[in-house]
Amino acid sequence: MAASTDIHTQTAENEDRILRFWTPILLRTILVVAAVILIFGLILMTSKPDFYVGRFHAAQAHQFAEKESFPELVALAVQGDPHSVMTLGLYVLTLVPLARVAFSFLLFLKERDYAYIGFTAYVLTGLIVGMLLGRMG
């Protein structure tokens, strides 16, 4: 009976250690990837300054560009469009708080801390709905 309890305790400690160890690594990795994409987009922006001047003048005339779908955005980014690269970098950057809350949710779920499960589920839902509404709106 004691051996079973020890194995259960060790498994719980390993799961907890994995969550606490890998969460910061994953968050830092996402942050670094977003920074690299954004820096690459900034470098591309310097190669096409007329594009942003034209968009600025169009925005002053209340002529806004249409939103691209996500596959179009990726295709344009692959072709080297600086606006699409910057937008993708910002999308990746928004994953940092989302991943942080998702990992917290998993940690509280594992610990069966129901109050914090409810709080983090509420925040996670708000983040996801906010991202979806921001994309649609």
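1. Start with valine 92, which touches Ile30, Val33, Ala34 and Ile37, leaving aside residues up to four places away in sequence. Contact here is heavy atoms within 4.5 Å. Keep in mind that this is a predicted model, where local features need pLDDT of at least 70, side-chain atom pairs count only at pLDDT 80 or more, and totals for chains, interfaces and linings use all residues. Residues are numbered from 1 along each chain as its sequence is written, and side-chain values use heavy atoms, with hydrogens and water left out.

2. Val92 also sits in the largest nonpolar core, together with Leu27, Ile30, Ala34, Val96 and Ala99, 6 residues in total. Helix H1 (2–47) and H4 are the elements giving two or more residues to this core. Another core, of 5 residues, lies apart from it, and Leu73, Ala77, Val85 and Leu88 are among its members. A nonpolar core is a set of buried Ala, Val, Leu, Ile, Met, Phe, Trp, Tyr and Cys residues joined through side-chain atoms within 4.5 Å. Buried means under 20% relative accessible area, exposed over 50%, and partly exposed in between (1.4 Å probe, protein chains only). The helices are DSSP runs (H or I, at least four residues), numbered from the N terminus.

3. On to the rings: the count is 4 aromatic pairs. Rings of Phe, Tyr and Trp (its six-membered ring) pair if their centres lie within 6.5 Å; planes under 30 degrees apart are stacked, over 60 edge-to-face, and the rest tilted. Phenylalanine 70 and tyrosine 91 have ring centres 5.9 Å apart and planes at 45 degrees, so this pair is tilted. The two link distant parts of the chain, 21 residues apart, with phenylalanine 70 in helix H3 (residues 70–78) and tyrosine 91 in helix H4 (residues 82–111). Both are partly exposed: phenylalanine 70 at 45% relative accessible area and tyrosine 91 at 26%.

4. Tyrosine 116 and phenylalanine 119 make an edge-to-face pair, because their planes are at 85 degrees, with centres 5.7 Å apart. They are 3 residues apart in helix H5 (residues 114–136), so about one helical turn separates them. Tyrosine 116 is partly exposed at 43%, while phenylalanine 119 is exposed at 52%. Ring pairs also bring in Phe108, making a cluster with Tyr116 and Phe119.

5. What makes the nonpolar surface patch of about 380 Å²? Ile18, Phe21, Trp22 and Ile25 do. Nonpolar side chains (Val, Leu, Ile, Met, Phe, Trp, Tyr) are joined within 5 Å, and like charges within 9 Å. Areas come from the Shrake-Rupley method with a 1.4 Å probe. Tryptophan 22 lies in helix H1 and is partly exposed at 47% relative accessibility.

6. Last, two backbone spots to look at. Most residues other than glycine have a negative phi. Histidine 62, however, has a positive phi near 60 degrees. Histidine 62 is in the loop between helix H2 (49–60) and H3, and is exposed at 65%. Arginine 112 is not a glycine either, yet has a positive phi of about 55 degrees. You'll find arginine 112 in the loop between H4 and H5, exposed at 60%.

Definitions and conventions: Patches are made of residues with over 30% relative accessible area and no salt bridge: like charges are joined within 9 Å, nonpolar side chains (Val, Leu, Ile, Met, Phe, Trp, Tyr) within 5 Å. A salt bridge is a side-chain nitrogen of Lys or Arg within 4 Å of a carboxyl oxygen of Asp or Glu.
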